[in-house]
Amino acid sequence: MLVLGIETSCDETAAAVVARSQSGHGRIRANIVRAQWEEHRRYGGVVPEIAARAHVECLDGIVSEAMRTADVGFGDLAAVAVTAGPGLIGGLLVGLTTAKALAMAQGLALVAVNHLEAHALTVGLTQGLRPPYLLLIVSGGHTQLLLVRDVGRYRRLGTTVDDALGEAFDKTAKLLGLGQPGGPAVERSARHGHPERFALPRPMLGRAEPHFSFAGLKTAVRQRAQSLAPLSAEDVADLCAAFEVAAAQTVADRVRLAMATANDELGAPGRRHFVIAGGVAANGRLRTALAELAASAGYALHVPPPALCTDNAAMVAWAGAERLARGWTDGLDVPARARWPLDPDATPALGFGRLGAKA
Ligand code: KG4
Ligand code: ZN
């Protein structure tokens with residue numbers, strides 16, 4: 001079964017073709033991603049309207065490129081799967097409208113995919129791992145701990161009450177005068193740094209629920225930077241190293257707590273699985289901390305390859321194929337959703353806004 005996937009929820013325009021066998025094995029036939037860093041660079045962050053326009057301008061070409069690379073025609077497809085949320089509404093509408101038009105014109109099934117579910121199920125495509133498992137999503141837009149019980153069944157254990165971890169890396173890089181994306185820049189600088197020079201806070205450490213908070217950590221870096229200005233390369237490296245260590249230790253503490261909650265459901269030590277997804281999973285210091293933790297708690301650690309950890313459409317096509325295999329498709333009236341929690345029963349970590357839970 002071949003599925004075309006489309007992803008436009010943030011600043012990557014992506015299309016992919018994925019095959020799923022009857023026994024549930026996946027294979028990527030094409031995976032095209034176009035990042036928009038150039039368009040947003042001068043603003044120091046993603047501008048939603050610019051992102052939406054860039055998606056409009058290049059999505060058709062990227063879909064064609066994916067179909068050409070996979071060497072398939074629309075008649076060979078079983079469905080078109082598209083990210084319908086959560087994300088920036090303008091970009092979501094571009095992807096969803098394109099997918100609906102294709103589904104209607106070509107007589108294909110439509111599958112509306114939750115972007116977080118796509119991240120959550122990627123290990124099924126890359127490693128053949130099936131639920132249940134514990135999942136940490138750490139990206140520029142999301143920081144969540146989820147118990148993946150089955151396709152379509154998730155329990156949210158923890159989330160951030162303010163910044164996502166990748167966002168905290170990006171803002172820290174910006175305030176230290178490093179380039180974007182900030183995560184890799186901070187990691188490069190941190191390699192030459194001495195983390196013990198600065199005592200930074202460990203937000204949420206010891207709290208009873210595995211939630212996250214990174215705004216205070218970023219502010220602490222800003223305060224140290226302001227009191228030292230002008231900063232030498234050594235100051236920047238030491239601050240980056242201290243930030244990374246504080247972030248890694250905080251995340252490890254929260255994951256330890258989530259593991260304690262999930263242990264019973266995930267079986268005996270050695271049979272439990274822990275998955276990290278999202279762009280920040282590329283961070284060496286974080287991975288080392290989480291690998292040590294996983295080993296000591298009896299969890300096997302799985303991290304999809306970097307190109308499938310960051311935003312892509314292969315994960316969307318795969319999640320769509322998993323849903324389609326269960327007979328779950330959507331009508332042409334399915335809406336785009338800026339907010340779309342994977343676990344609708346999760347109690348909000350921080351109050352409600354007009355559109356629902358804020359975190
Ligand atoms: O998953 P992703 O590609 O996109 C979304 O946010 O949806 O994640 C991008 C985030 C950015 O914030 C980037 O700075 C961060 O992942 N990142 C890293 C590293 N590589 C990428 N953060 C820390 N260390 C890295 N090596
Ligand atoms: Zn993502």
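Predicted model: local features only at pLDDT ≥ 70, side-chain atom pairs only at ≥ 80, totals over all residues.
Residues are numbered from 1 along each chain as its sequence is written, chains are lettered from A and ligands numbered from 1 in the order in which they are written, and side-chain values use heavy atoms, with hydrogens and water left out.

**Stop 1: the zinc ion**

Select ligand 2, the zinc ion, and show H115, H119 and D311: NE2 of H115, NE2 of H119 and OD of D311 coordinate the zinc ion at 2.1 to 2.2 Å. Donors here are N, O and S atoms within 2.8 Å of the metal (3.2 Å for Na, K and Ca), and water is not among the atoms, so sites may look incomplete. Along the chain, the donors of the zinc ion are spaced H-x3-H-x191-D.

Now colour helix α4 (residues 115-126), where H115 and H119 sit four residues apart, about one turn of the helix. Helices are DSSP runs of H or I with at least four residues, numbered from the N terminus. H115 is buried at 2% relative accessibility, and H119 is buried too, with a relative accessible area of 2%. Buried means under 20% relative accessible area, with a 1.4 Å probe and protein chains only.

**Stop 2**

Contact means heavy atoms within 4.5 Å.

Next, pick E322 in α11. This residue is buried, with a relative accessible area of 3%. Leaving out residues up to four places away in sequence, E322 touches R20, L121, R130 and V151.

**Stop 3: α8 and α9**

Finally, select helix α8 (residues 233-266) and helix α9 (residues 284-297), whose axes come within 9 Å and cross at roughly 25 degrees. α8 and α9 are therefore roughly parallel, the label for angles under 35 degrees. To see the contact, show side chains including V245, V251 and M259 of α8 and L286, L290 and L293 of α9. The contact residues divide into 13 nonpolar, no polar and three charged. Ala, Val, Leu, Ile, Met, Phe, Trp, Tyr, Cys and Pro count as nonpolar, Asp, Glu, Lys and Arg as charged, and the others, Gly among them, as polar.

Conventions:
Axes fitted to C-alpha atoms, helices over the stretch in contact; angles between N-to-C directions. Helix = DSSP H or I, 4+ residues; strand = E, 2+ residues; numbered from the N terminus. Parallel < 35°, antiparallel > 145°, perpendicular 65-115°, else oblique. Buried < 20%, exposed > 50% of the residue type's maximum accessible area, 1.4 Å probe, protein only.
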